[in-house]
Amino acid sequence: MPRRGLRSATVETVLAPDPHHPAGWTLFVDGVEQSYVDLDDPRRLRFDYVRRMASVLDTAAPVGVPLRALHLGGGALTLPRYLAATRPGSAQRVVDRDASLMDLVRRELPPPPGVTVEVADAREAVAAEPSGRYDLVLVDVYEGARMPGHLTTAEFAAEAARALRPDGLYAVNLTDLPPLVFSRAQVATLRSVFAEVCLIAAGGMLGGRRYGNVVLAAARRPGRLPIARLATRAARDPAPGRVLAGAALSGFAAGARPVHDPT
């Protein structure tokens, strides 16, 4: 099965078939794996950080209950496909500013029912949402290897929190490298807005031994995050991870200050 892709003046985007799984596709952006989907089984998640994000989805409500979700950052629509498969009837909105990428994905790997895709800036999209609309707001937005600065501030987090229902959950994928300065600042930022925050990551990341992904989850209401269940899922993952919350998370983020919009 041939590769399918496009090239702009600055970015090369390719969908490559998985030689071991006929319905599997990997999205490469400038030669780097960005997303993986299995159209026959969207529950099969290849990347560990995606499984950590999925654990937040799975524990957000009783099994099978449909949820309303806002995905900021589309990729190959891995998590929207997963949520549609595990919680049929969920209403999902995906926002991504890369029109060419979204056109490629919609053409070659059409989204499942209940998933709408919109080309827009993530922050502008959140600001336009009515209050209390979503059960989940999920953020996985990158420009190259960096998360756009306007999506890392307390003011953005406050907009995302406003769009959530009182029991809604927020999750964001971060990439970082030792000594995890960015992750520590993002913990402080989310804690300045949300009532409860936890961190999910591989032990090697928390030990400051490598570059990789950190997932943060947050809730508007204290006690809403299912910490024990998230910790169990992380420990049993093929790439075992840990969850930091409460005092352990305070120790991790000691000395870090919230990030704010430029004045």
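Predicted model: local features only at pLDDT ≥ 70, side-chain atom pairs only at ≥ 80, totals over all residues.
Strand E5 and strand E8 (residues 134-139) run parallel and are paired over 4 bridges; two strands count as paired when DSSP finds at least two bridges between them. Residues are numbered from 1 along each chain as its sequence is written, and side-chain values use heavy atoms, with hydrogens and water left out.

Leu-136 counts as buried because its relative accessibility is 0%, where buried means under 20% relative accessible area, exposed means over 50%, and partly exposed lies in between (1.4 Å probe, protein chains only). Beyond its neighbours within four places in sequence, Leu-136 is in contact with Leu-57, Ala-60, Leu-67, Arg-68, Ala-69, Leu-70, Leu-83, Leu-164 and Leu-169; contact here means heavy atoms within 4.5 Å. One of these, Leu-169, is 33 residues away from Leu-136 in sequence, yet their C-alpha atoms are 5.0 Å apart in space.

What lies along E5 on the way to E6? Strand E5 (residues 68-72) is mostly covered, with 4 of its 5 residues buried. E5 is also joined to strand E6 (residues 91-96) by 5 bridges, and these two strands run parallel. Between E5 and E6 the chain passes through helix H2 (residues 78-86), making a right-handed β-α-β crossover. Right-handed means that, with the strands pointing away from the viewer, the path from the first strand over the helix to the second runs clockwise. To find the pairing by eye, look for Leu-70 opposite Arg-93 in E6, and for Leu-72 opposite Val-95 in E6.

E6 is mostly covered as well, with 5 of its 6 residues buried. Strand E7 (residues 115-119) pairs with E6 in the parallel sense over 5 bridges, and Asp-96 has Val-119 as its bridge partner in E7. The chain gets from E6 to E7 through helix H3 (residues 99-108), in a β-α-β crossover that is right-handed.

Now for the empty space. Rolling a probe the size of a water molecule over the atoms shows where empty space is left. On a 1 Å grid over the protein atoms alone, a pocket is an open set of points with protein on both sides within 12 Å along at least five of seven lines, a cavity is a set of points where a 1.4 Å probe fits but cannot get out, and lining residues have an atom within 4 Å of a point. Grid points are joined across faces, edges and corners, and a volume is the space filled by probe spheres set on the points.

The largest pocket has a volume of about 1,100 Å³. It is lined by 46 residues, and the closest to its centre are Gln-34, Asp-140, Val-141, Tyr-142 and Gly-144. Among the elements that each supply at least two lining residues are E5, H2, E6 and E8, while the largest share, 4 residues, comes from E4. The lining divides into 24 nonpolar, 14 polar and 8 charged residues; Ala, Val, Leu, Ile, Met, Phe, Trp, Tyr, Cys and Pro count as nonpolar, Asp, Glu, Lys and Arg as charged, and the others, Gly among them, as polar. The second largest pocket holds about 200 Å³ of space, and its lining includes Arg-146, Asp-176 and Tyr-211.

Which helix gives the largest share of the lining of the largest cavity? That share, 3 residues, comes from H6. The whole structure has 1 cavity of 30 Å³ or more, and the largest cavity has a volume of about 40 Å³. Helix H5 (154-163), strand E9 (164-176) and helix H6 (181-191) are the elements that give two or more residues to its lining, which is made up of 7 nonpolar, 4 polar and no charged residues. Within H6, Ser-183, Ala-185, Gln-186, Val-187, Ala-188, Thr-189 and Leu-190 are buried, and the buried residues of H6 pack against H5, E9, strand E10 (196-202), E11 and helix H9 (246-252).
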